[in-house]
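Colleague: I am new to this structure and would like to go through it step by step. Could you set out the terms before we turn to the parts of the chains?

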Amino acid sequence: MDLTGATRIVIIGGGQAGAQALQSLRQGGYEGKLTLVADEAALPYQRPPLSKAYMKGEFSEERLYFRPEAWYQDQKIEVILSTHAAKIDRTAQTVELPHGGKIDYDALIIATGSRPRVLPTKGADLDGVHDLRDLSDVERIRPNMISGRKMVIIGAGYIGLEAAAVARQMGLEVTVLEMASRVLARVTSPVMSEFFETEHRAQGVTILTGARLDHIDGADGKVTAAVLADGTRIDADIVLVGIGILPNEELAKDTGIGCNNGILVDRDARTSDPRVFAAGDCASRPLVHFGRSGRLESVHNAIEQGKLAAAAILGKPRPAEDCPWFWSDQYDLKLQIAGLSQDYDEIVVRGDPKDRKFAAFYLRNGTLIAVDAVNSPPEFLASKKLIMSGAKLAPAVLGDTSVSMKDIAAAVPAA
Amino acid sequence: MAKITYVDNDGTERVVEATNGESVMEAAVKNGIPGIDADCGGACACATCHVYVDKAFMDKVGEQQEMEKSMLDFAENVQENSRLSCQITVSDALDGLKVTTPESQH
């Protein structure tokens, strides 16, 4: 459907994807009405620092904002904050607000993001038990980020481990509980899990893997301890829950738009309704370099889909779809990830984890599909190109640190 | 405070009043300067805030850290005066700084 005549564009959700779409629409020359409906009170802001530098209190809230307030005025963007879109009426082409207001659209972008999985145990609602997702979560967590306090983190994913690093650096006593037999089990290989587990232990974090949480204990409505199924009791002043996220797809599903663990979109971020787009954590998209579809939880994905949706609405050529990439900061370690490592059949380690500078390459049928690079930007950046090229690579060469990544990449023709 | 001039690949100049302590990248993004995407928000993870620094300021913008060096090694169209603008901190000493964005970021 040609939407180049659109004069009313609405974006639901003020996260990375929504903010990107606003910017790309205006930069792309769209001059019509542009409305953002966002349920948080703050202007659109960057989420990654919440579990990193911002959690440490290293900078102000304003510094998290993508744009200052004046930019939205300059760009004539109507910003409706602290407001949850209640319903989409696709026949009338309106977004309904909770108190009866309606906003008409010619094109709509759903960028509603995701929400933390709720801990299914008793005590999850006690004071002092927190998710780590929004600015408001960090505001609630901060008063307890004091040396000597006891923090229990449930879930050893990236969010949990990043928070553990920050809390340790601030002098808290930190225990991480993980149900699986290793940390980061869902997202990476045993070699990386072992490296991060060793690192956190060396920094003084207690990590309990294979830990089955029974419940959270409290007194006077406030958390006091996490209790495991085997009876182990771990005292806690504060509990952080980081056990994964769920896509906010209900708004789309309720109006009959196709969803399946995410709002289903095509390469242009378009849903089953040609006037409606979805971008970011909430969308399930074609992963063109991997021959399948899926949902990605990352900054790169949110930015890219925000751009794709804007380009499709404005009738511009589709922007390039990059190899998916991610990063995580823990202590002085920068982990940079390119590609998607699920289904690898071979792993090549380049360098020695003991040097805290190494990379794990993941191959399938001799083709590079992903890399986890620790303090190793060349391995990360070269791999992005190599993954997109789809070229066959010799494992022995990848693992040979006497051959530079530049030379390895140069030997492979570009995609 | 420092006045920073951002020059497009086609020569268009945009002047921004930058605040001490923020990065040259942040000042650009907050003011909607095209050509500086800074996808990672300044974590030195993406190399999408590459700029060419006016040669007169090369000794004032600070030393490159190892991380930045190796990121730049893989950026496109790298020159001697290439820097990642997220790694340059604004101070009074940078008043009058001029940076140019590479064509590949437009």
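Modeller: A residue is called buried if 20 or more other C-beta atoms lie within 10 Å of its own, exposed if 12 or fewer do, and partly exposed in between. Please keep in mind throughout that this is a predicted model.

Colleague: With that in hand, is Gly351(A) buried, exposed or partly exposed?

Modeller: Gly351(A) belongs to strand β24 of chain A, which covers residues 346–352. Within 10 Å there are 18 other C-beta atoms, and a residue needs 20 or more to be buried and 12 or fewer to be exposed.

Colleague: Which residues are in contact with Gly351(A), leaving aside its neighbours within four places in sequence?

Modeller: Gly399(A) is 48 residues away in sequence, yet the C-alpha atoms of Gly351(A) and Gly399(A) are 7.4 Å apart in space. As for contacts, once the neighbours within four places are set aside, those of Gly351(A) are Lys357(A), Phe358(A), Ala359(A), Ser376(A) and Thr401(A).

Colleague: How far apart do the C-alpha centres of domain 1 and domain 3 of chain A lie?

Modeller: Chain A is divided into domain 1, made of 8–115 and 245–314, domain 2, which is 118–241, and domain 3, which is 332–410. Between the C-alpha centres of domain 1 and domain 3 of chain A, the separation is 32 Å.

Colleague: Turning to helix α1 of chain A, how many of its residues are buried?

Modeller: Helix α1 of chain A, residues 16–27, reaches 16 Å from its first C-alpha to its last, which is close to the 16 Å expected at 1.5 Å a residue. Elements that cover its buried residues include β1 (8–12), β2 (33–37), β3 (77–80), β7 (107–110) and α7 of chain A. Among the buried residues of α1(A) are Gln16(A), Leu22(A) and Leu25(A). The helix is mostly covered, and of its twelve residues the number buried is ten.

Colleague: Which handedness does the crossover from β10(A) to β11(A) have?

Modeller: Strand β10 (residues 150–154) and β11(A) run parallel and are joined by five bridges, with Val152(A) having Thr175(A) as its bridge partner in β11(A). The chain passes between them through helix α4 (residues 158–169) of chain A, and this β-α-β crossover is right-handed.

Colleague: In the open sheet of three strands in chain A, which strands stand at the edges?

Modeller: The order in this sheet is β18-β20-β21 (chain A), with mixed pairing. Two of the strands have a single partner strand each, so one side of each is left without a neighbour in the sheet, and these edge strands are β18 (263–264) and β21 (292–294) of chain A.

Colleague: Finally, which element supplies the largest share of the side of chain A that touches chain B?

Modeller: In this interface, 18 residues of chain A are in contact with 13 residues of chain B. At least two residues of the chain A side come from each of α7 (299–314), β22 (325–330), β23 (333–339) and α8 (377–389) of chain A. The largest share is four residues, and the element that supplies it is α8(A).

Technical notes
Residues are numbered from 1 along each chain as its sequence is written. Chains are lettered from A and ligands numbered from 1 in the order in which they are written. This is a predicted model: local features need pLDDT of at least 70, side-chain atom pairs count only at pLDDT 80 or more; totals for chains, interfaces and linings use all residues. Two strands pair if DSSP finds at least two bridges between them. Two residues are in contact if their C-beta atoms, placed from the backbone, lie within 7 Å. A crossover is right-handed if, with the strands pointing away from the viewer, the path from the first strand over the helix to the second runs clockwise. Domain bounds come from an automatic or database domain assignment. The expected span of a helix is 1.5 Å times one less than its number of residues.
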